Amino acid sequence: MRTGVPGSGKNTIMKQMKIVHQNGYTHDELVAFRLVVYQNLVDSAKYLVLALNNMGVEFVNGINKTYSAQILEYEVNSDPSFRLSPEIANAVDSVWKDPIVATVTNNSSEFYLPDSASYFFSHVQRIAQKDYLPSEKDALKAKTKSAGITETRFDMGQLTIRCVTLPPARASLKSCLVFLAAVRSVFDVGSQRSERKKWIHCFENVTAVIFCAALSSYDQVLLEDNKQNIMAESLILFESVINSRWFLRSSIILFLTKIDLFKAKLPKVPLENFFPEYVGGPDVNKAAKYMLWRFTQANRARLTIYPHLTDPNDTSNIRLVFAAIKETILQNALRDSGILRDTPIL
C-alpha cells in the first residue's frame with residue numbers, strides 16, 4: 001500500500017521494482033508511456049508559464065511571450081497516434097532557455113513545478129521526433145495518475161510481493177508510502193487527506209511500512225494548496241500513520257528520497273529558511289540527519305524505524321535498498337515467530 005505527499009518518488013520506486021524484479025519494460029510498455037511523457041512535458045511547461053505570468057516576469061527574448069501563449073493553448077490528444085508538434089517543442093525549448101527562467105526557478109518554492117520538468121525540457125527536441133520511443137529513464141521520470149485498481153506481483157527471492165494500487169481522489173496529491181503486509185503484499189493507496197480515512201483501517205497485521213518523503217521538497221508547496229509546505233505535509237502524514245493503532249506491530253522503513261536533488265539545492269536554497277531550528281548550513285549530511293530527526297520525533301508509538309537515503313532514479317541504489325528491505329522483512333518474520341528477539345528502537 002502506498003500513500004504520502006506530492007513528488008515523493010513513490011511511483012518511481014515502484015517502477016524500479018519492475019525493472020529490478022520483472023526484467024524492465026517491454027517495447028509495448030514503453031510505447032504506452034509516450035502520451036504520458038507528452039502530457040508531463042506540456043503540463044510542466046504550462047506550470048512554468050503561469051508562474052512567470054503570476055510573478056509579472058518579462059522574458060529577455062521577446063518572442064517567448066508569443067511562445068508562452070502557444071504553450072498555454074496547446075493540448076495533448078489522447079489518440080495513440082498523436083505526436084508532439086515540432087512547433088510546440090521549439091516554443092518550450094525557447095522558453096526554457098530564456099535567461100530569466102533560471103532566476104525564477106531558483107525561487108521555485110513560490111510555485112509548483114515537477115522535479116522531472118527540467119529533464120523533459122532538456123530533451124524536448126528528442127521527444128518531439130516522429131519516431132520517438134520513450135527510454136527506460138523517460139519512463140522513470142514520467143508521472144502517471146492512478147485510475148482504477150491495479151495489481152502487480154514481484155518476486156524477491158523467497159518473497160512474492162503483490163502490489164495493489166487504489167485510485168486517489170485528488171490526483172495532484174501524489175503518494176509515497178508502501179506497506180509490506182504479513183501476507184507478503186504491497187498495497188498502493190490514495191494519498192489524499194480525504195482518502196486516508198477510507199483505507200487506514202484495512203491494514204491490520206502489517207509487517208512493515210515503507211514511507212517515502214522527498215528531501216528536496218523542503219522548499220516546495222502543494223499544487224492544490226500553495227500555502228502548505230510539502231515537507232510539512234509529509235511530516236503530518238507520517239505522524240498520523242506511525243502512531244495509528246493499526247500499525248502498532250509494524251516496522252517503519254523510511255525512504256528519504258531524491259538525495260541527489262537535495263544535495264544540489266542546499267547551497268542555493270538554505271534549509272533554515274523553512275526549518276529555522278536547523279543550524280547545519282549547506283552540509284548535506286547534517287541536513288539529512290536533521291530531517292531524519294524530525295521524522296523520528298513523530299514516533300510516539302516507538303515503532304522500529306529503518307531509514308534509507310535514496311535516489312529513486314538510480315536503479316543500482318534502489319536494488320541495494322530493496323535487498324536491505326528483504327532482509328528486514330525476513331528478520332521481522334523470524335522475530336514474530338519468536339526465533340529472534342526484538343531489535344533496538346531507533
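User: Is isoleucine 252 buried or exposed?
Analyst: Keep in mind that this is a predicted model. Isoleucine 252 has its place in strand E6, residues 251–257. The cut-off for buried is under 20% relative accessible area. Isoleucine 252 comes in at 1% relative accessibility, so it counts as buried.

User: Why is the pair of tyrosine 25 and phenylalanine 33 edge-to-face?
Analyst: The structure has 14 aromatic pairs. In the one formed by tyrosine 25 and phenylalanine 33, the ring centres are 5.4 Å apart. Planes over 60 degrees apart count as edge-to-face. The planes of tyrosine 25 and phenylalanine 33 sit at 90°, so the pair is edge-to-face.

User: And what is the relative accessible area of phenylalanine 120?
Analyst: Phenylalanine 120 pairs with tyrosine 119, ring centres 5.4 Å apart and planes at 70°, so that pair is edge-to-face. Tyrosine 119 counts as buried at 11% relative accessibility. Phenylalanine 120 is buried too, and its relative accessible area is 0%.

User: Which residue lies over the face of tyrosine 218?
Analyst: A charge sits over a ring if NZ of Lys or CZ of Arg is within 6 Å of the ring centre and within 35 degrees of the ring normal. Here the distance from the ring centre of tyrosine 218 is 5.6 Å, and the residue is lysine 265.

Note on methods
Residues are numbered from 1 along each chain as its sequence is written. This is a predicted model: local features need pLDDT of at least 70, side-chain atom pairs count only at pLDDT 80 or more; totals for chains, interfaces and linings use all residues. Side-chain values use heavy atoms; hydrogens and water are left out. Helices (H or I, at least four residues) and strands (E, at least two) are DSSP runs, numbered from the N terminus. Buried means under 20% relative accessible area, exposed over 50%, partly exposed in between (1.4 Å probe, protein chains only). Rings of Phe, Tyr and Trp (its six-membered ring) pair if their centres lie within 6.5 Å; planes under 30 degrees apart count as stacked, over 60 as edge-to-face and the rest as tilted.
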